[in-house]
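This report describes how two protein chains meet in one structure. The sequence and coordinates are shown below.

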Amino acid sequence: MTTLPPPSAKKLGLVIDLDTCVGCHACVVSCKGWNTENYGAPLSDQNAYSAAGQGTFLNRVHSYEVQPDQGAAQLIHFPKSCLHCEDAPCVTVCPTGASYKRQEDGIVLVNEQDCIGCGLCAWACPYGARELDAAECVMKKCTLCVDRIYNENLPEEDRQPACVRTCPAGARHFGDLGDPDSDVSQLVAERGGFDLMPEQGTKPVNKYLPPRPKDVEPEIDILAPYLEPVAQDAKGLMGWLDKALTAMPGGSK
Amino acid sequence: MHPAPSVIIFNTFSGIGFGLLFFLGLGFPAPTGWVAFVFFAIAYIMAVGGLIASTFHLGHPERAIKAFSQWRTSWLSREGICAVAALIIMAIYGAGLVFFGTKLTILGWVGAVLSLGVVYTTSMIYAQMKTVPRWKHWSTPALFIDLSVAGGALLSGNIVIALIMLVIAGGMTAYYWATGDKRFAESGSNLANATGLGGIGSVRAFEPPHTGSNYLLKEFAFEVGRKHVQKLRIISMVFGFAIPFVLLLMVQASASHILALFAVISHIVGVLALRWLFFAQAEHVVGLYYGKR
Ligand code: SF4
Ligand code: SF4
Ligand code: SF4
């Protein structure tokens, strides 16, 4: 049913720390590895070994350059997958009922047996979190590893999404964002976690933690002032060389 | 947005076909016998042909029946139901005219309303997309209905209405282009709030997440066609509205069927270009993440 359920008390989701993500793409690989052989249709690749190779991924890592008014530019790696929105526009547009949001924990899923591959849900998602698989022709999206997090056949520490389990930097956190006392909610409160494109009104469950402000390194070397370069204008042989080179064709004036 | 040929054909021909059914349902004209058969055949070929074309872009057309189930929230589902209802009612009404020479007036009116309902529900599939600011506006359904009624009037031989509707639809198209060009900027979505990094400084897409293309880029970041926008806009205006208008004035004077046929063909050519632009120019906010439009 594509009518959205009333907001669930439990809202499972991810918190992604843009300060610590190093852009290694390990989460992308582990996501594809787990999800291509578990829930639903595999995640196909087309011409994987050619220059024009492409495929279906549920998680992708962008990199952005941010130039502050003053100081050096920062490079920020930006993983992006389904945000399991509370007001999920991808669910309500679906004509078949294949897309749905779970009442019990808020996870947004696709029932692939019902999907006609019309693509409308991908049109409705502002974040590019849904991709139509080119081989299976059904819509694929992050399941929050629904087949891991409740899976009693896995050891306790593996009952979290593959990306979170794999992240070497500890940049990804999984938990219940509906519970204000959960670790993830505390983290969001402490670090000022934010929503992507809030103006779209989707109320994403996943949150992003901003990069921490960069320190300005203080001048600590007491000898530095005495070691400043002395000569600004070259004299003698260097001065002659400088003049001669400047006078040559193509020399800087 | 990627201008899929199947969807452009669907929008163009189904729009005109249901527009023709609208006028037939209202009883302008209400022919009987063979003439009625030809009118209804043309309308059904266009409306149904367009609907069939639209299933070509589905990944699993064999499951299409499931698409009727979610009318509570989904405009695509509502469109499907509306289309089936309109086609059934108009088939009964048409059979009355063709085979029995009787006009089931009320049924025709219901069919006429449902036929325009199909056009409206189709337009709402686009107009509901907050992710595509150019479409998310009242003028999207207005444009679709104007085009459908203009095409229907042209095909049904209602010359005076067609003349008026060509002017209205042409004006609406111009308005749609002029305001549509500003809507992305007005929507407030930009790379700064897409990434949430705007507070630090100016954000630039530095490295994409993948070296090749992907579904998102092919479907949403269609930049190729946009360089010919001005030429295509002139083509749609001239062929879609100006030439048919002049030809219809001549038809009114001479009652020439050939000229009327040319008016129809010219209109279809113009509307095809217009529908192509409708998709090719529509920019999806996801393009922001890729530094594309
Ligand atoms: S991120 Fe996109 S796919 Fe996921 S719930 Fe939100 S709108 Fe739907
Ligand atoms: S592609 Fe599948 S899941 Fe998405 S809207 Fe269409 S039927 Fe629903
Ligand atoms: S695995 Fe962790 S550090 Fe590496 S790209 Fe993913 S989120 Fe960033």
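## Charged and polar contacts

The model is predicted. Two salt bridges are found by the rule across the interface of chain A and chain B. One of them links B:Arg204 to A:Glu65, with 3.1 Å between the closest N and O atoms; this pair meets the 4 Å limit applied to salt bridges. Polar contact across this interface involves 26 residue pairs, with both residues of each pair at pLDDT 80 or more.

## Elements of chain A that face chain B

On the side of chain A that touches chain B, the elements giving two or more residues are β4 (59-67), β5 (74-81), α3 (120-124) and β8 (130-132). Strand β4(A) provides the largest share, eight residues. Sorted by class, this side of chain A holds 31 nonpolar, 18 polar and nine charged residues.

## Strand pairing between the chains

β4(A) also pairs with a strand of the partner chain: five bridges join β4(A) to β1 of chain B (residues 202-207), and the two strands run antiparallel. Within this pairing, A:Val66 lies opposite B:Val203 of β1(B).

## Extent of the interface

In total, 58 residues of chain A contact 59 residues of chain B. The two chains bury about 4600 Å² between them, and carbon and sulfur atoms account for 59% of that area. Of the area that chain A buries against chain B, 17% is supplied by A:Tyr64, A:Ile116 and A:Trp123, which is more than any other three residues supply.

Conventions. Residues numbered from 1 in each chain as written. Chains lettered and ligands numbered in written order. Predicted model: local features only at pLDDT ≥ 70, side-chain atom pairs only at ≥ 80, totals over all residues. Heavy atoms only, no water. Contact = heavy atoms within 4.5 Å. Buried area = accessible area lost by both parts, 1.4 Å probe. Salt bridge = Lys/Arg side-chain N within 4 Å of Asp/Glu carboxyl O. Polar contact = N/O pair within 3.5 Å; in protein donor to acceptor, adjacent residues only side chain to side chain. Helix = DSSP H or I, 4+ residues; strand = E, 2+ residues; numbered from the N terminus. Nonpolar A, V, L, I, M, F, W, Y, C, P; charged D, E, K, R; others polar. Pairing = 2+ DSSP bridges.
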